[in-house]
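I set out to look up the pocket, the cavity and the ligand site, and I record the entries below in that order.

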Amino acid sequence: MNLYPLALRLEGRRVLVVGGGAVASRRVPALLDAGARVVLVSPSLTPALRSLVDAGRLHWEPRRFEASDVDGAWLVQVAVDDRFAAAAVSAAALERRVFCVRADDRHEATAWTPAVTRHGPVTVAVTAGGDPRRAVVIRDAIREGLLDGTLPGCVQPADRPSSPVAEVVGGGRVVLVGAGPGDPELITVKGRRVLAEADVVVADRLVPGLLLDELRPEVELVDASKIPYGPARAQEEINRIIVERASAGLLVVRLKGGDPYVFGRGGEEAIACAEAGVPVTVIPGVSSSIAAPAVAGIPVTHRGVAHEFTVVSGHVAPDDPTSLVDWPALARMRGTLVVLMGLKNLPAIAATLLAHGRSPDTPAAVVQEGTTATQRTVRTTLGSVVEAAQSFRPPAIVVIGEVVGILP
Ligand SMILES: C[S@@+](CC[C@H](N)C(=O)[O-])C[C@H]1O[C@@H](n2cnc3c(N)ncnc32)[C@H](O)[C@@H]1O
């Protein structure tokens, strides 16, 4: 028997979910996302569902199912393991001609939920003749194609009036995208999608090269690290380029290493766009300040060891009058210190921390090119970190604190 596919518009419509366990926890978010008015009947709830109830997003009837619960529902989702309880819900739904999805036995259901992938405004739903595993395999293949832009139709050619993303604001715009710390797979799903839709990409030096390799041939790629002025003028030039291209109606992705707002000058670009009346949004990225320690086996916080972590830039020396960092205060703190751009000034930074009371035995580590194939790490102490870091080159972070060495 062939299926008849439909896309349900559930906004404001009552959907009954019976059961409050793991299956309901998986199903309810997509129903809420579609705007459904979800009523959940179950004597108990998982913590995830309870938090939705507490947030007022879900109405919970803390009791067993009654046939009259189906009254007024447009759809019923049965999420209980007990076959007899599930059959009672199905029977009540059938009697009232309400479509009913069953987690316990799809052959007894009047509707099936497909394997789904969402890609901005595009939703792809796959059924494979009642074989859910095959549907998932096909769905995953389509998702890959949508993410890397190889599926026809998922990327709008540059000469169309606007890409799907740009349509949202009716013209050109700038998206500040965090590319992650180095591993090309550590960009967010959303970041990768917008990258595949970009007309212009303005990329920093630390952006993973493989991400740029995936761009469509017609995309204009501006290498921001090659702009031939000093840092201040170069930033002005970048601001000018992104504003100009977006004003011409193009979707401009400003791609930055890590997170755009962690020592990434993303704030200056957002201000430049706002001043020029160009719409600008940000897609956060995985910052090297957390990712590089993580892949080197260092959790930046640890219960009973460090209840704070501080991320500082070391590119201005501690005794420089323009420094905004209170190094003596950092020396007194017990938590984790993560120093970015600190290799050049490491002797002065370590000396300042030691002079203001941080113990020379404090564990320390240096991580170079974290998350990439060429990652290097050294574990040492604050007293020896300068010597240990001799052969290290940027990009590298320095981590100081008891969390270094806490993992085996
Ligand atoms: C201008 S900052 C940009 C930081 C970036 N916005 C972020 O959130 O990771 C550049 C500094 O970040 C650090 N960094 C960036 N990527 C790194 C990586 N893969 N491994 C270690 N440190 C990295 C280095 O300290 C480098 O000098």
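Entry 1, largest pocket. I looked up which element gives the largest share of the lining of the largest pocket, and found α1, with six residues. I took helices (H or I, at least four residues) and strands (E, at least two) as DSSP runs, numbered from the N terminus. The model is predicted: local features need pLDDT of at least 70 and side-chain atom pairs count only at pLDDT 80 or more, while totals for chains, interfaces and linings use all residues. Residues are numbered from 1 along each chain as its sequence is written, and side-chain values use heavy atoms, with hydrogens and water left out.

The largest pocket holds about 2,000 Å³ of space. Its lining counts 47 residues, of which W112, T113, P114, A115 and V116 are the closest to its centre. Elements that give two or more residues to this lining include α1 (22-33), β6 (115-119) and α4 (132-148). By class I noted 29 nonpolar, seven polar and eleven charged residues in the lining. For these classes, Ala, Val, Leu, Ile, Met, Phe, Trp, Tyr, Cys and Pro count as nonpolar, Asp, Glu, Lys and Arg as charged, and the others, Gly among them, as polar.

I worked on a 1 Å grid over the protein atoms alone: a pocket is an open set with protein on both sides within 12 Å along at least five of seven lines, a cavity is a set of points where a 1.4 Å probe fits but cannot get out, and lining residues have an atom within 4 Å of a point. Grid points are joined across faces, edges and corners, and a volume is the space filled by probe spheres set on the points.

I found one cavity of 30 Å³ or more. The volume of the largest cavity is about 40 Å³. Its lining consists of E308, T310, L330, M333, G335, T336, L337 and R358, that is, three nonpolar, three polar and two charged residues.

I counted 18 residues around the ligand, the closest being P181, V262, S287, S288 and A396; a residue is near if one of its heavy atoms lies within 4 Å. The shell has eleven nonpolar, five polar and two charged residues. Both domain 2 (165-286) and domain 3 (289-405) give residues to this shell, so the ligand lies between them; the bounds come from an automatic or database domain assignment.

A ligand oxygen is 2.7 Å from an N or O atom in the side chain of S288. A ligand oxygen is 2.8 Å from a polar backbone atom of M341, and a ligand nitrogen is 2.9 Å from a polar backbone atom of G257.

Methods: A polar contact is a pair of N or O atoms within 3.5 Å; within protein, one must be able to donate a hydrogen and the other to accept it, and residues adjacent in sequence count only if both atoms are side-chain atoms.
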